[in-house]
Amino acid sequence: MYRMFASVSQKQLIVALKKSCTQTKYFNTWQRCSFSSQKEPPSLGVKQESVTSFPPLTEPIPNLPKAIYSTAKEEHQTTQITVLPNGLKVASENRFGQFCTIGVLIDSGPRYEVAYPNGISHFLEKLAFGSTNTYSSKDEIMLALEKHGAICDCQASRDTFIYAASAQRRGLDLVTQVLGDVVLRPQITDEEVQIAKQTVQFELESLHTRPEQEPILMDMIHAAAYKSNTLGLPKICPEKNIEKIDRKTLHTYLKYHYIPSRMVVAGVGVEHEDLVHVVNKYFVDQKPIWEEQTDLILPNNENNVDGSTAQYTGGYVSEECNVPIYAGPSGLPELSHVVIGLEGCSHHDSDFVAMCVLNMMMGGGGSFSAGGPGKGMYTRLYTNVLNRYHWLYSATAYNHAYADTGLFCIHASCTPPHVKEMVEVIVQEMVAMSNGVTDNELARAKKQLQSMLLMNLEQRPVAFEDIGRQVLATGSRKRSEYFIQAIEGISKDDINRVTRRLLKSPPCMAARGEVKTIPSLSDVQSGLVDAQAARNRETKNFYR
């Protein structure tokens, strides 16, 4: 800073100061006193100069070019949907802007892997955007996309696979070509499969050495809730299956699951007619690789697509181990993790919105979560749990909704000596979900859910996923206004009803870490059934 001012002459400094002054009353006074009416000190030797006047803020700046405003009416946009003759759905919504997001959503995922080695979806996620019939390598695809400022991604959930890319609008043809090749014409060479095996192996080792236990625990609670069926199948590839998955197994799975009737091509920021044209060009006119190279498919393999409905069973899954200690300045100790779940509802259910409001009312987070009321600090798991028990380090409610079922659960973590007390506290909160709901509490949860919905949909990739998922699940799309009104209509009676519905189901539980002292599943179920005992465990200890 000193060197910067040392290189500027005194005259230049004073002129710069005078030019930086605005016409406020404070600077006018200082300007008249310092530069206009008083003589400058002899030592400065600076000439008196006139002060440049600025235009007033009450008048427009002259000679500016005329502004050109967008004529797009965001609030009146509609989602256009076209079903092609082969069953492939194309959905889009045009938005003003230079960039667009295009992607493919497929009715695929771990829940459909019952006839295959579990972990295929994990492998496909790692193999995405690899070599295809048109592009010899992943690097070649990336170079082609970079010409249009594009980025790409692939994500797999338990029942949906998404390939997507965001790019400049003029790159629509190229991006759609890449997506068509990646989805329908991937080479999946032996070398790429070997690299994917190494990547999955490294990821498994990394998951077991990281303090964050969320991915592992979500697999465990689903395995407990849906034992050996559909949603209970693992999302993370089991280590024993890494060597079982090969090129032919992957192509066979793709042949029967990546079919037009199970796919939606969605776009945001594109003209619908243009999107339909390029989809016909690259998804219909060009054949999939498994139709041209039949030797890629396993022999004597029939159409093994699991169409069964998810069966909620309840149950208990645990893993006694040492969870890694948090590194860094946080100083957190080794923690034990427990997730307790109940059967929720599907996203088609009439109670779906009420279940989402209940989830927002429970809220939660970690002991070191930052924020205020808008970030959930007034939710029940903060006020009733985290703020009262110093040995609890996190408590968060989750609401997983699928096409045929749902899972409502609470994940909590604490130091190992307090595992038993932590389970008791979580059971109490589950039983008390419908008790004492105030008008302010309900209004806050509804407003927070509405604001999260609207703020997320402002982002183009989120809007793309919303369009694609709704069209894939229902064939149509409900706009945000529908959900805003539905959320607004939720009452205390609705919260009471969905809470009673949750508590009627048998519980499921997953635990990881030092969990030797954890109560049994039957004890947890007794606590959930006996509401009075759960609310006042001092009068009756139902954990034995």
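So, is F129 buried or exposed? Hold that thought for a second. What you have on screen is a predicted model, so please hear everything I say with that in mind.

Okay, F129. The relative accessibility there is 4%, and the cut-off for buried is under 20%, so F129 counts as buried. Its place in the chain is the loop between α4 (120-127) and α5 (138-146). Most residues other than glycine have a negative phi. F129 isn't a glycine, and yet its phi is positive, about 60°.

There's another one like that: N63, again not a glycine, with phi near 65°. N63 is in the loop between α3 (25-36) and β1 (80-83). And how does N63 count, buried or exposed? Here the relative accessibility is 80%, so N63 counts as exposed.

Which brings me to aromatics in general. How many aromatic pairs does the structure hold? Eight. One of them is Y226 with Y312, edge-to-face, 5.6 Å centre to centre and 85° between the planes. What I like here is that the pair links distant parts of the chain: the two residues are 86 apart. Y226 is in the loop between α8 (214-225) and α9 (247-257), while Y312 is in the loop between α11 (289-292) and β7 (315-320). Both of these tyrosines are buried.

Then there's Y482 with F483, also edge-to-face, at 5.1 Å between centres and 85° between planes. Y482 has a relative accessible area of 43%, so it comes out as partly exposed.

The axes of α4 and α9 come within 11 Å and cross at roughly 95°, which makes α4 roughly perpendicular to α9. On the α4 side, the contact is made by I120, S121, F123, L124 and L127; on the α9 side, by T249, L250, Y253 and L254. And what's in that contact by class? Seven nonpolar residues, two polar ones, and no charged ones.

Okay, that's my tour. Over to you.

Terms used: Residues numbered from 1 in each chain as written. Predicted model: local features only at pLDDT ≥ 70, side-chain atom pairs only at ≥ 80, totals over all residues. Heavy atoms only, no water. Helix = DSSP H or I, 4+ residues; strand = E, 2+ residues; numbered from the N terminus. Buried < 20%, exposed > 50% of the residue type's maximum accessible area, 1.4 Å probe, protein only. Phe/Tyr/Trp six-rings, centres within 6.5 Å; stacked < 30°, edge-to-face > 60°. Axes fitted to C-alpha atoms, helices over the stretch in contact; angles between N-to-C directions. Parallel < 35°, antiparallel > 145°, perpendicular 65-115°, else oblique. Contact = heavy atoms within 4.5 Å. Nonpolar A, V, L, I, M, F, W, Y, C, P; charged D, E, K, R; others polar.
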